[in-house]
Amino acid sequence: MNKTLLVFTILFAGIVCGLSAQSVEKLRPVSGRVMDAENGEPLAGGSVMIMAPDTTSMFAGSSTGTNGRFIIKDVKPGQYLIKISYIGYHNFYRPLHVADSTNSVAVGTVLLTPSSVMLETAVVKGQAAQVEVKEDTLIFNAAAFKVPEGSVLEELIRKMPGAEVADDGTIKINGKTVKKILVEGKEFFSGQKNMAMKNIPTEIVDKVKAYDKQSDLARITGIDDGEEETVLDLSIKKRHETRMVW
């Protein structure tokens, strides 16, 4: 009887360990380099986004460095679309397959072709990337999105890749529901998202940061309860800071 129980216990433990190992997905880095197709110069500050094949959501993003190189860490295996953009150049799109069997994905050198139409109508001063990734924070550059004059925050957020705004005001960033909107790290409009969305003018916003922070209880008690909430934290342009009253 004891021997049978021991065998059953070993078999059960093996099954549990096997399932646990399967449930932990190995994340892969995706890297590459972006250059001018005509002169071979590296393009710094370009926007690189890994998106759903139908482009309805963005899973990860980064920008190119001074040598034109980029690396996007922690990409789950799956089928994606990679989009690379730079002002004055045609956008680049390519299907991207991140396989279970590979440790990393090298996109290689991407050559962007200048767009004569865009160059004729735009003054190129080194356009900021739409989105940057710093550690666990997505940083959206408000200036990189075109919104109507006099628009409010809601219209800007609707333009951001990976962002969704439902009819009831619910905001999601890459599938995560936003719990609060902060201004320079502080709660605004007493934490009422809809008030912030409808009343903060887009013209004063410099950057929109999306990140996860500890719950209110964890911050008060100093005890990490493992609960996090996704927030949007607005950076205000210096000349408009006096318009914001906490």
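A residue counts as buried under 20% relative accessible area, as exposed over 50%, and as partly exposed in between (1.4 Å probe, protein chains only). By that scale Glu-154 is buried, at a relative accessible area of 12%. The model is predicted: local features need pLDDT of at least 70, side-chain atom pairs count only at pLDDT 80 or more, and totals for chains, interfaces and linings use all residues. Numbering runs from 1 along each chain as its sequence is written, and side-chain values use heavy atoms, with hydrogens and water left out.

**Overall chain**

- The protein chain holds five helices and 15 strands. Both are DSSP runs numbered from the N terminus: helices are H or I with at least four residues, strands are E with at least two.
- The protein chain has 246 residues, and 39% of them count as buried.
- Contacts are heavy atoms within 4.5 Å. Taking those between residues at least 6 apart in sequence, 60% join residues at least 24 apart.
- The accessible surface comes to about 14,600 Å². Carbon and sulfur atoms account for 53% of that surface. Areas come from the Shrake-Rupley method with a 1.4 Å probe; for residues, only the protein chains shown count as cover.

**Salt bridges: the count**

- The whole structure contains five salt bridges. The criterion is a side-chain nitrogen of Lys or Arg within 4 Å of a carboxyl oxygen of Asp or Glu.

- Arg-158 pairs with Glu-154 in a salt bridge, with 2.8 Å between the closest N and O atoms.
- Both residues sit in helix α3 (residues 153-159). They are four residues apart, about one turn of the helix.
- The two partners fall in separate accessibility classes: Glu-154 is buried at 12%, while Arg-158 is partly exposed at 42%.
- Lys-198 joins Glu-154 and Arg-158 in a network of salt bridges.

**Strand-to-strand pair**

- Lys-176 and Asp-212 form a salt bridge through their side chains, at 2.8 Å from N to O.
- Lys-176 belongs to strand β12 (residues 176-183) and Asp-212 to strand β14 (residues 205-214), so this pair ties together parts that are 36 residues apart in sequence.
- Lys-176 is partly exposed, at 44% relative accessibility. Asp-212 is also partly exposed, with a relative accessible area of 30%.

**Lys-180 and Glu-187**

- The closest N and O atoms of the Lys-180 and Glu-187 salt bridge are 2.9 Å apart.
- Lys-180 is buried, with a relative accessible area of 11%.
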